[in-house]
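This report describes a predicted model. The sequence and structure come first, followed by short notes on the chains and on how they meet.

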Amino acid sequence: MSVALEGVSKAFPGRQVLDAFSLRIEPGELVALVGASGCGKTTILNLLAGLERPDAGTVRVAGEDGAPLRLGVVFQQPRLLDWASVRENVALASRDTAVAERMLREVGLGEHLDAFPTTLSGGQRQRAAVARAFSIDPELVLLDEPFSALDELTARRLRVQLQQLWLDRPRTGVLVTHNPLEAAFLADRIYVLGSRPARIVAEHVVTAPRPRSPEDEEFFRLHASIVAAL
Amino acid sequence: MSSALAEVRPAGRAPRPRARRPAASTVLGPVVLVLALAGGWQLMASLSDSTLLPDVGEVASAVGTILENGALSALRTTIVRVLLGFSLAFAVAIAAGLLMARSTWARAVLEPAVLIGLTVPGLVWALLAVIWFGLAQTGPVLAVALSAAPALVLNVYQGARAVDPGLIEMAHVFRFNRRVRLTRLWLPALVPFLLSGARLGLSLSWKVIVLVEMFGASEGVGYELNTAFSNQDVAGVLAWTIVFGAAMALIEYGLLRTVERRVTRWRKEAIV
């Protein structure tokens, strides 16, 4: 499997977001990209997801045989179809209702299979989005600020749940976040990004074994050094 | 700070549904309207005492007469023409509207066509359709389709532009195929726009179909109106108008409202 940006440049009207930026994701690692708002981390994720094309350079997201990877993406907003039940929302991605139901039970939405997204809380909706991403048995999971729109207590519960999903079925993943503690709790490796254009200003390897506790002191030390790097 | 005011809006994306009106006013409102109109008419008729203003009793008996003498068959003919033409316009509008929203070329070509189509009077469509396609089924159906399509296309186009780009990205990432994207993303997102387009398109269709049928069709509501007009039968003209209007109202309330309730079920449940 090869997941990498090589010398990628990307500009939006009026600003150069990436300039010859390179990044390599090791298979099996969950990598967190931490940076301030507008530093280009979501652009990096969109390039990996195939939602943006680079102006220059190469984006590589492929298996050993060159085939495209199955991508499970969790966006900042749940991005569910309001007119479809939670079950159908997940099943449209997984193309398998039984798998959809199993994933939804796993994230604690077993009681809400027939509910419309608009009847659920923000945390429940985001859990459905996580279930959708994992229901396709993804080879690469992309998480774009997945919990930043939630209140801290809910976000914390979802982080613990995500860690459990990762323990049950280890994947390669990229997590974009502006929250250093979230990065430290979830990731194997953290790249701290500087802005305009984005560049890697620091790299941390998180060695704490899973399952981790959000209160682990190592995270707070990491938090301090990430903030210092920013 | 001004942002504090903006925060008051609920976070959900769906607009808050209107509060349910009490059932009494829903049922009695139209009755009050009809009684007021009939009363006003009766007053006018008795004050003017002219044969050109038949009173309510005469109009009512004319309604009775046409209902006994095959009004339903004329209504059926006209309604079938409208529904055929309207379905044609609907299908074309969904295709053209989506195309306009997705392709700058299609937009550049079709936008002027839609704007011109909107300004062409229904009478012109009626004349041209009759000249080119005759008075059998094709002419009337095409006249209806041509007059309803521009408004529908515009609605579909605006609806398609309003679809959340985040959902389009989501469908792309999870590799929804074309059919799923159309039936589970685009069409449901377009429903409110399709319904308002359907209302507008249907109201234009009724007007045009009567014109076409007046030009010389041998059946249908327009033909019957023309006959009554030729016989200087004012009560007959009014009676046909009333019967036709009632049938249209039935379709609007009975059919469109039912469809609307069904397809926007998820909105209703959101307030529980």
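## Chain A: overall make-up

Chain A of this predicted model contains seven helices and nine strands. Along its principal axes, the C-alpha trace of the chain spans about 45 × 40 × 35 Å. A compact globule of 230 residues would have a radius of gyration near 17 Å, and chain A, at 17 Å, therefore agrees with that value.

Strand β8 of chain A covers residues 189–194, and strand β9 of chain A covers residues 199–205. The two strands run antiparallel and are joined by six bridges. Within this pairing, A:Val192 stands opposite A:Ala202 of β9(A).

Four residues lie between the strands of the hairpin. In this hairpin, A:Arg196 takes a positive phi near 50°.

## Backbone details in the loops of chain A

Most residues other than glycine have a negative phi, and most peptide bonds are trans.

A:Arg95 is not a glycine, yet its phi is positive, at about 60°. The residue belongs to the loop between α2 and α3 of chain A, where α3 spans residues 97–106. The other place is the peptide bond from A:Arg210 to A:Pro211, which is cis, with omega near 0°. A:Pro211 sits in the loop between β9 and α7 of chain A, the helix α7 being residues 217–229.

## Chain B: overall make-up

Chain B has 12 helices and zero strands. Read from the N terminus on, its elements run α-α-α-α-α-α-α-α-α-α-α-α. Taken along the principal axes, the C-alpha atoms of chain B fill a box of roughly 70 × 50 × 35 Å.

## Where the chains meet

In the interface, 26 residues of chain A are in contact with 21 residues of chain B. Between them the two chains bury about 2,200 Å², of which 64% is on carbon and sulfur atoms. On the side of chain A, the residues that lose the most area to chain B are A:Arg79, A:Trp83 and A:Phe116, which together account for 31% of what that side buries.

There are two salt bridges between chain A and chain B. A:Arg79 and B:Glu169 meet through their side chains in a salt bridge, with an N to O distance of 2.8 Å. A:Arg79 is also among the residues of chain A that lose the most area to chain B. Across the interface, six residue pairs are in polar contact, with both residues at pLDDT 80 or more.

## The side of chain A that touches chain B

Which elements of chain A each supply at least two residues of the side that touches chain B? They are strand β5 (71–74) and the helices α2 (86–94) and α4 (122–135). Sorted by class, this side of chain A has 16 nonpolar, four polar and six charged residues.

Definitions and conventions
Residues numbered from 1 in each chain as written. Chains lettered and ligands numbered in written order. Heavy atoms only, no water. Pairing = 2+ DSSP bridges. Contact = heavy atoms within 4.5 Å. Buried area = accessible area lost by both parts, 1.4 Å probe. Salt bridge = Lys/Arg side-chain N within 4 Å of Asp/Glu carboxyl O. Polar contact = N/O pair within 3.5 Å; in protein donor to acceptor, adjacent residues only side chain to side chain. Nonpolar A, V, L, I, M, F, W, Y, C, P; charged D, E, K, R; others polar. Rg over C-alpha atoms; globule rule 2.2 N^0.38 Å.
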